Amino acid sequence: MNGTWGEEQLIADGFERVTVELEWYDGLRAGLAGVGGEPHYFDGYGQYTGDGPGEYRVWPAPPAAVAWEHEQWAIRLRWSGQRGEGAPDPALGGVDARYDELDALLAGHRQEPPDARLLAGEVRHTGAGDGPEGTGYWVRWRLHC
């Protein structure tokens, strides 16, 4: 990814916000984002290749899972603001009881179902940090060829 983009331009160009980042390694790997205006899980581990579209498996996220993901995201954001003070990462388990409870509730939803769609995802970043509304990442989806 080279450069940053403004939200208005991204929306005009058909990009949708990544509202929860579940995994990042040399690029965006997994999370929750709009796909056709509806919340979906996406998983593209091992597919990121740089500036071009990567392959992602996507599947719908039910409303309860979306609410739980956003609740867990808020816990993660609070930790992020405190990690410079040595606060332990709740993702390690045993740190925040509600975070752990949400992990258990979300485990099945985060598993790729057999009917997940394969889409190409072009990722852009606004330069903004993570916040309550989501990440600075946006994705434009298209059918994978």
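Arg 17 stands opposite Trp 138 in strand β6. Strand β1 (residues 16–24) and β6 (residues 137–143) pair in the antiparallel sense over 2 bridges; strands pair if DSSP finds at least two bridges between them. The model is predicted: local features need pLDDT of at least 70, side-chain atom pairs count only at pLDDT 80 or more, and totals for chains, interfaces and linings use all residues. Residues are numbered from 1 along each chain as its sequence is written, and side-chain values use heavy atoms, without hydrogens and water.

**Strands and overall fold**
- Strand β5 (residues 117–125) runs antiparallel to β6, and 7 bridges join them.
- Gly 121 has Trp 141 in β6 as its bridge partner.
- The protein has 3 helices and 6 strands, which are DSSP runs numbered from the N terminus (helices: H or I, at least four residues; strands: E, at least two).

**Dimensions and burial**
- The C-alpha trace spans about 45 × 35 × 25 Å along its principal axes.
- Of the 145 residues, 38% count as buried, meaning under 20% relative accessible area with a 1.4 Å probe, protein chains only.
- Among contacts (heavy atoms within 4.5 Å) with a separation of 6 or more, residues 24 or more positions apart account for 55%.

**Composition of the largest pocket's lining**
- A pocket is an open set of points on a 1 Å grid over the protein atoms alone, where a 1.4 Å probe fits, with protein on both sides within 12 Å along at least five of seven lines; lining residues have an atom within 4 Å of a point.
- Helix α2 gives the most to this lining, with 7 residues.

Key: Buried < 20%, exposed > 50% of the residue type's maximum accessible area, 1.4 Å probe, protein only.
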